[in-house]
Amino acid sequence: MVKNYLFSPVFKKIGYGILVVALVFFVLCLSFDQLAFGLQYPMISLTPPMDEEWTIFKFYPRLTQGGWFEIVMTLMCVGCVFVAFSKEKEEDECIAQIRMQSLVWALMVNMVLVLFTTLFIYGGSYLTCMAVYPFSTFLFFIIKYNISLYQFRKNNEE
Amino acid sequence: MDFTQQQLAELVGVSRQTINAIEKGNYVPSTTLSLKLARVFSKPVEEIFQLDEND
């Protein structure tokens, strides 16, 4: 038996639920001034304040303020992983192959986007794009996987 | 031996669509699945699966 790292099928629904909540928080954050919610809580930062020089090999643990951003990102990470990497109810090796092919496709498409962004997008927009790309990988994968799975089932239905 | 695709699928632990895909030549099963299918039909694997020209 080959080991895989997938969650049980029920996690797919939980994942979609988490993503919906994350999306609601995200829209709320965009629509209103974050400070209006007054959400601030202590977090530990490993990097110095913005105006200080930082090398990646040095850590400067200090207290900082967390906000909505950290919550939304955490929910997005967990939700994406649950949706993307849950087993199907009828899991077998053919579905495992479809999943693997979709993942390769999604990574390639995303890397083309990363390359394009690096060559043609500069400044703050570049950082924004880079914050989106981890999740776009999942989005591409989830879309491609579901289309492939639908086609596989439809083509082999009769 | 007469099986429906559904019965065969249940015997070897895959979905019916996978059996259909194998029959159509759209999916090449793993060694494990090939051996399971051979066991169900009580035949050597080579009698059920052969290399085709492009392999």
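Among the elements of chain B, the highest mean pLDDT, 95, belongs to helix α3 (residues 31-41) of chain B, while helix α4 (residues 45-48) of chain B has the lowest, with a mean of 93. These values describe a predicted model, and across chain B as a whole the pLDDT averages 92, with 100% of the residues scoring at least 70. For the complex, the predictor gives an ipTM of 0.89 together with a pTM of 0.87.

Turning to chain A, find helix α4 (residues 93-120) of chain A and helix α5 (residues 124-155) of chain A, which pack with their axes 8 Å apart and at an angle of about 150°. Because angles over 145 degrees count as roughly antiparallel, α4(A) is roughly antiparallel to α5(A). The crossing in which α4(A) passes α5(A) is right-handed, and the contact of α4(A) with α5(A) has, by class, 17 nonpolar residues, six polar residues and two charged residues.

How many residues of chain A are in contact with chain B? There are eight of them, and they are in contact with nine residues of chain B. On the side of chain A that touches chain B, α4 and α5 of chain A each supply at least two residues. By class, the residues on that side of chain A divide into five charged, two nonpolar and one polar.

Notes:
Residues numbered from 1 in each chain as written. Chains lettered and ligands numbered in written order. Predicted model: local features only at pLDDT ≥ 70, side-chain atom pairs only at ≥ 80, totals over all residues. Axes fitted to C-alpha atoms, helices over the stretch in contact; angles between N-to-C directions. Helix = DSSP H or I, 4+ residues; strand = E, 2+ residues; numbered from the N terminus. Parallel < 35°, antiparallel > 145°, perpendicular 65-115°, else oblique. Left-handed = near helix turned anticlockwise from the far one by under 90°. Nonpolar A, V, L, I, M, F, W, Y, C, P; charged D, E, K, R; others polar. pLDDT = per-residue confidence, 0-100. Contact = placed C-beta atoms within 7 Å.
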